[in-house]
Amino acid sequence: MSDLISTADPTPGSESKSGFDTARIAEVKAWLASQFDAAGKDVPEFEYTPRSVAHLHSIGTASQAKSQAAGILAADLRQKAQEYRSQAARIREILESAGLAQESLSSNIVASAQVLANVANLLNIRDTEMSSFLVAMADISLRKTGVEEKRAKVQKESKVLLDYTRKAIARLTYLKRTLAQLEDDVPACEAQMLQWKTNLAIMASKERQYLQQYSNYGALLNRVGYTPEISHGVLVEMAEHKKELEKMTKPIMDTLRSYQDLPPDKALAALAIEDKRRQYAAAEKYLEEILHSALATTE
C-alpha cells in the first residue's frame, strides 16, 4: 500500500458533497489504481456510494498497515540474512585456515555435523555447548515424564469410563430384556386383572348380601328374645339336662300307658293319676331349677 491514503489531508466541510467526503473518494480511487496497476489490470467501473467508499477506505487502511508491517519484517529478515551470511563467511574462513573446510572433511563427519545441527534445531539450542544439550535433554525428559503421567492418567480414566460404559450397556440390555418380558406379560396380567375386578364386584355383592342377612338374623334373634348370655355351651348343658329329665319321666310315662290296659276303677284311677301328676310337677320343677342354675352360672 502506498502513502496515498496517509498523505491525504481533507478539509472538513470544504470538500463534502452529497453526505460523504470527496477526498476519501480520491484516496480510495488512488489506492484501487495502485493495487490494480501492480496486478496489471484496469480498475473496474462501479458506483461510489457512501457505504462502498467507507468499506473500501477501511480495507485500504488495513492493507496499508499490514503492508507497512510486512515491509518492516522483510527488512529485518533481510538484515538478519545478511548478518548470517557474513557470519557464515567468517566461520568458513576460520575453518579453512584451520584445515576444517567442508570439502576437506569426510562424508561421515559432514553427516554427523548435519545430524548435530538438526538435533540442535530440534532442541532449540543456539550454541554447541554440552551443557546446553544436557539442559535441553533434561527439559525433554521432564516433558516426556509429564506426558507419560498425563497419558497414564488418561488411560486410567479411559479404563474407568470403559468399565462404566460396559456396565451401562449391560444394565441397558437387562432393562430392555425386562421391558420386553413385561410387554409380553401385559395381556396375561390384563386378563388376570379383569378377572380380579369381576371377582371383586362379586365379593362386594356377597358382602352386601351377608351384611343384610346378618342384620335380618339379628332382628330375628331380638324378636325371639335371644341374649348374649345364651351361648352354645349353655344350650349343650340344657340339652343334657333335658335328656336326663326325659330319662326320669320315661318310667312314669310308661306306667301311665300301662294304666290304660287296667279295668276301669274310678277311685284307683283317680289316685294313680294324682300321683303321676305330682311326680310330673316335681320333674318340671327340677328342670326349671336346673335351667335357672345353668343361667346363673354363665352370668
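Helices are DSSP runs of H or I of at least four residues, numbered from the N terminus. The model is predicted, so local features need pLDDT of at least 70 and side-chain atom pairs count only at pLDDT 80 or more, while totals for chains, interfaces and linings use all residues. Residues are numbered from 1 along each chain as its sequence is written, and side-chain values use heavy atoms, with hydrogens and water left out.

The predictor's confidence in each residue, pLDDT, runs from 0 to 100. The protein chain has a mean pLDDT of 80, and 84% of its residues reach 70 or more. Confidence is lowest in helix H1 (residues 4–7), with a mean of 38, and highest in helix H5 (residues 130–223), at 90. Residues 1–19 have pLDDT below 50, and this stretch has 28 contacts (heavy atoms within 4.5 Å) beyond near neighbours in sequence. Where pLDDT is low, the predicted coordinates should not be read in detail.

Helix H2 (residues 22–39) packs against helix H3 (residues 50–97) at about 55°, and their axes are 10 Å apart. Axes are lines fitted to C-alpha atoms over the stretch in contact, and angles run from 0 to 180 degrees between N-to-C directions. H2 is therefore oblique to H3, the class left once angles under 35 degrees (roughly parallel), over 145 (roughly antiparallel) and 65 to 115 (roughly perpendicular) are set aside. Among the residues making the contact are Trp 31 and Leu 32 of H2 and Leu 56 and Gly 60 of H3.

Helix H4 (residues 107–123) has 17 residues, which at 1.5 Å a residue should span 24 Å, and its end C-alpha atoms are 24 Å apart, in agreement; the expected span is 1.5 Å times one less than the number of residues. Just after H4, Asn 124 adopts a positive phi of about 60°.

Note on methods: Helix = DSSP H or I, 4+ residues; strand = E, 2+ residues; numbered from the N terminus.
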